[in-house]
Amino acid sequence: MKKRFFLLGILLLLFGYPFLWPLIDALWEPKEPDAAAFPKYKAIRVEKDQIYQGDLLLVNKKEPIHTEAVPSDMILLSSHNYLVEGYCLQDNSIELSENAAKAFNEMVHAASRDNVKDFMIKSGYRSLEKPGKLAEEKGHDDDVLPGCFNEHHLGTALDVTSTQMKIDQSPEGKWLQENAWKYGFILRYPKEKVTITGVPYNPMHYRFVGLPHSAIMQERQLTLEEYVKYLREAKEVSGTINGGDYKIYYDPVATSIMIQVPTNGKYVLSGDKQGGVIVTEFL
Ligand SMILES: [Zn+2]
């Protein structure tokens, strides 16, 4: 009996190896993860409404705000103590998008490490229901753009000043001009871009657009008007920010479209108000 098994083993080794080796390989070799089982991207549907929502919306004298544009994360700053540490509010009624308020808080803390500490938020969100009234009362410098053409209605624009002196003569103003881009903010109406923005230079008025957008705009010296056009024409822009890779692309949306977004990575959508959506992926 044992001899019979022994002979069978010899025969298998002699003639069966072409069939045995793949089996042995399959048992011993580590398998690559099945890409189909863990897809890197997933498809999501984007509706036309998204064109009018997001941090990159352009609002100017040619582009009125849409009612869908007000972010869902609006907060009353004075009731969030942890977000207003390190700076003053001109009054307790100032509201802002929470996302923008968190970035502002982070920025103010960074400035304080450079010993620049006298910031005050003078104005934030202005309601579309009461256009201009609040601004008029408080004498905002940038109200050359009335009603729905003023980006303060977005909840991501704010006027920042110094408690010590005029902002354009203050260490706070200088620090912001050099560093705000690192925290997702842009000086919305720069001195040298008046012909493009259509608004006089305003050293107080900052707009939250988020990273990496503010960094790209700083590097290329683009206003929001120029940047949105640049993204539409470039179709895809990629790079690295804070040690991570990002990819930005533009997709037109007629009624709705399916787009691919990272399954695990973060992504942010913003409309351009011109018929498309800008997708920012953090890979
Ligand atoms: Zn302003």
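Predicted model: local features only at pLDDT ≥ 70, side-chain atom pairs only at ≥ 80, totals over all residues.
**Exercise 1.** State how many residues line the largest pocket and which of them lie nearest its centre.

*Solution.* Begin with the space: the largest pocket holds about 670 Å³. Next, count its lining, which has 33 residues. Those nearest the centre are D55, N99, F208, G210 and V268. Then turn to the elements: helix 3 (98–113), strand 12 (266–271) and strand 13 (276–282) each give two or more residues to this lining.

**Exercise 2.** Explain why the largest pocket lies between domain 1 and domain 2.

*Solution.* Take the bounds: domain 1 covers 35–56 + 210–283, and domain 2 covers 70–208. Both domains give residues to the lining of the largest pocket, so the pocket lies between them.

**Exercise 3.** Describe the second largest pocket by its space, its central residues and its elements.

*Solution.* The space in the second largest pocket is about 370 Å³. Its lining has 21 residues, and Q177, L187, P190, Q218 and Q221 are the closest to its centre. Two or more residues come from each of helix 5 (171–179), strand 7 (185–187) and helix 7 (213–220).

**Exercise 4.** Work out the residue classes and the domains found in the lining of the second largest pocket.

*Solution.* By class, the lining of the second largest pocket has twelve nonpolar, five polar and four charged residues. By domain, at least three of its residues come from domain 1 (35–56 + 210–283), and at least three from domain 2 (70–208).

Conventions:
Residues numbered from 1 in each chain as written. Heavy atoms only, no water. 1 Å grid on protein atoms, 1.4 Å probe; cavity = no way out; pocket = protein on both sides within 12 Å on 5 of 7 lines; lining within 4 Å. Points joined across faces, edges and corners; volume = space filled by probe spheres on them. Helix = DSSP H or I, 4+ residues; strand = E, 2+ residues; numbered from the N terminus. Domains from an automatic or database assignment. Nonpolar A, V, L, I, M, F, W, Y, C, P; charged D, E, K, R; others polar.
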